[in-house]
Amino acid sequence: MTRLQTFWGSFRMSLLHFFADPQWIIPNIIAPFVFTIVALILFRDVSGSVALYAVLGGGMMGMWGNTLYGSGFALAFDRWNGTIEYVLGTPSRLVWIIAGRSASNAVLGLANALAIVLVVAIGYGAFFAIADPILFLLALVLTLTSLSALGVVFCSAFLLSRSAQVMTNGLEMPIYVASGSMFPVALLPFWSHPLSFSLGPTWGIDAMRYAADATYVGLGFGYWTDVLVVLASAIVYLTIGFWLFIVVENKVRRDASLTEY
Amino acid sequence: MALILRDWPPYRIFWSSATFAFKALFSWLRPAMWLTQLLVLPLFQMAFFVYLSRFVNPGTTGVAFIAVGNALQVASFSSIFAVCNLTSEEKWQGTLTPLIVTPANRFPLFVGRAMFQILNSIATIVVGFFYASVVFGVDMSRTDFVALSVVILVTCLAMTGFGLMLGSVGLYMRTAMIIANIFLFIGLLVCGVNFPVTVLPTWLQPVSYAIPMTYGTMAARAAVEGSSLVLLAPVILQEIAAGAISVFVGYLLFLGFEALARRKGTFEEF
């Protein structure tokens with residue numbers, strides 16, 4: 001119950017922080033938004049389901065951008081504001097506080113994704129029909145969960161470093177590329193495929209494309225395999241994230257390096 | 001002569017500000033992390049747009065256009081994002097007010113702060129062109145490297161001037177990070193990085209030509225195709241003019257926002 005209370009308290013506080021200064025949504029969504037428009041301009045002479053790649057890819061990037069920046073800056077802001085000692089000094093485990101913040105970022109990430117899809121669809125007329133809305137929603141929620149879980153893993157590393165902001169900037173693009181957010185993973189060099197397939201979002205975006213377009217042929221494993229892999233990846237990421245947080249939390253307490261910045 | 005230059009107040013302010021900014025940056029940023037960022041950012045930004053281009057038009061020559069454009073644009077992380085945030089960072093560290101009450105001339109003070117980012121931008125672009133040639137197969141056999149070097153230098157200086165102009169607004173706002181983020185990525189859309197500026201709506205094209213990067217991407221592509229410095233001179237001069245105007249407008253904005261922030265007492269608002 002205490003863990004749940006911690007989770008909920010952190011989730012609520014994170015949302016309140018966001019609504020107190022909502023301008024911070026701009027850094028989270030500007031890159032995915034611009035990338036999607038660039039893609040649509042590049043796709044202007046191409047027919048077929050490319051709008052699906054651009055718009056769904058933009059949505060996925062919006063979710064990842066928000067999760068990554070949310071995770072990266074959650075602790076950096078605490079450092080800058082001098083509140084990180086108090087956060088760590090509470091009897092609650094840090095990982096549950098971060099989990100609450102990550103869940104909040106995930107909810108905002110979903111709103112980002114929807115905003116990008118809507119603006120691009122209306123602004124550029126890039127409409128597409130979703131073949132199976134229920135399966136699409138399931139894939140979307142699982143992808144979001146997987147992205148948030150990945151955010152928890154990265155956040156544990158951000159606790160160790162004073163350079164969280166730099167790492168955040170550095171991690172945004174690799175996931176966009178490796179997950180094949182806007183193009184098929186098959187285009188990437190063969191040696192990079194293991195990295196792509198180890199990322200939940202790669203399977204998540206594939207599942208969303210399957211659900212949206214009945215004629216889509218992606219990774220070739222089918223919708224349900226994709227969904228199962230996304231679910232498994234979220235569980236693995238969360239397990240790693242929780243374990244890392246325990247290790248890292250003990251380390252910063254022992255080394256007294258928490259407020260170093 | 002050396003003694004005279006050393007004693008000249010603007011030079012002294014510029015140099016001490018540049019040295020201080022360098023030391024301050026590496027007091028929190030590990031060199032290994034800086035190097036990782038230098039090597040990773042250009043690679044993945046270029047990869048994203050190159051693979052997108054290959055997906056759209058397999059087998060076409062558009063890859064070189066996009067790789068060269070992004071190799072240059074990726075310097076925006078230093079020349080726009082980092083430079084634009086200079087004033088906000090002073091706010092976060094609590095050093096803006098002590099800095100502003102000094103009688104030091106603002107121009108050499110903040111240009112000095114941006115000095116390392118000019119060098120950082122140059123290094124980023126060099127890495128970007130290395131990837132363009134080695135990883136993405138851009139043919140650089142006809143490249144006029146003197147012309148390309150001048151284009152890179154001018155682009156970094158002009159874009160840093162543009163970043164300083166944006167940073168002036170941050171003096172008055174709670175943070176410049178929002179503007180920094182917008183202009184960091186908007187260049188991908190309006191500066192002819194991934195497609196020619198002529199593809200954009202007519203009403204948007206003047207915005208493109210107000211940003212120095214637009215001239216930089218045009219000149220860099222021409223230099224890679226073998227155009228000499230003489231042939232590129234008109235474009236380079238336009239880029240210098242765009243950069244100089246940015247610096248001039250930025251300086252006026254800085255003085256204006258400084259006066260406004262003094263009157264309203266908002267220097268420490270963040």
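In which helices of chain A is confidence lowest and highest? In this predicted model, local features need a pLDDT of at least 70 and side-chain atom pairs count only at pLDDT 80 or more, whereas totals for chains, interfaces and linings use all residues. Residues are numbered from 1 along each chain as its sequence is written, and chains are lettered from A and ligands numbered from 1 in the order in which they are written. Confidence in chain A is lowest in helix H3 (residues 50-81), with a mean of 77, and highest in helix H8 (residues 193-197), at 91; pLDDT is the predictor's confidence in each residue, from 0 to 100. The average pLDDT of chain A is 82, and 94% of the residues score at least 70.

Next comes the overall build of chain A. Chain A holds 10 helices and 0 strands, and its elements run α-α-α-α-α-α-α-α-α-α from the N terminus on. Helices (H or I, at least four residues) and strands (E, at least two) are DSSP runs, numbered from the N terminus. Chain A has a radius of gyration of 19 Å, close to the 18 Å that the globule rule gives for 261 residues, so chain A is as compact as a globular protein of that length. This radius is taken over C-alpha atoms, and the globule rule is 2.2 Å times the number of residues to the power 0.38. The C-alpha trace of chain A spans about 60 × 35 × 35 Å along its principal axes.

With helix H10 (residues 223-255) of chain A, the axes come within 8 Å and cross at roughly 150°, which makes H9(A) roughly antiparallel to H10(A). Axes are lines fitted to C-alpha atoms, for helices over the stretch in contact, and angles run from 0 to 180 degrees between N-to-C directions. Angles under 35 degrees count as roughly parallel, over 145 as roughly antiparallel, 65 to 115 as roughly perpendicular and the rest as oblique. The crossing of H9(A) and H10(A) is left-handed (the near helix is turned anticlockwise from the far one by less than a right angle; clockwise gives right-handed). Residues of this contact include Trp203(A) and Tyr210(A) of H9(A) and Val230(A) and Tyr237(A) of H10(A); two residues are in contact if their C-beta atoms, placed from the backbone, lie within 7 Å.

H3(A) and H9(A) pack at about 140° with their axes 11 Å apart, and are therefore oblique to each other. Their crossing is right-handed. Here Leu52(A), Leu56(A), Gly57(A), Met60(A) and Trp64(A) of H3(A) meet Pro201(A), Ile205(A), Met208(A), Arg209(A) and Ala212(A) of H9(A). This contact has 8 nonpolar, 1 polar and 1 charged residues (Ala, Val, Leu, Ile, Met, Phe, Trp, Tyr, Cys and Pro count as nonpolar, Asp, Glu, Lys and Arg as charged, and the others, Gly among them, as polar).

The axes of helix H5 (residues 76-84) of chain B and H10(B) come within 8 Å and cross at roughly 160°, which makes H5(B) roughly antiparallel to H10(B). The crossing of H5(B) and H10(B) is right-handed. Among the residues in contact are Phe77(B) and Phe81(B) of H5(B), with Phe183(B) and Leu184(B) of H10(B); by class, the contact has 8 nonpolar, 2 polar and no charged residues.

At the interface, 30 residues of chain B are in contact with 28 residues of chain A. The elements giving two or more residues to the chain B side are helix H3 (31-56) and helix H10 (177-190) of chain B, and H3(B) supplies the largest share, 15 residues. That side has 22 nonpolar, 6 polar and 2 charged residues.
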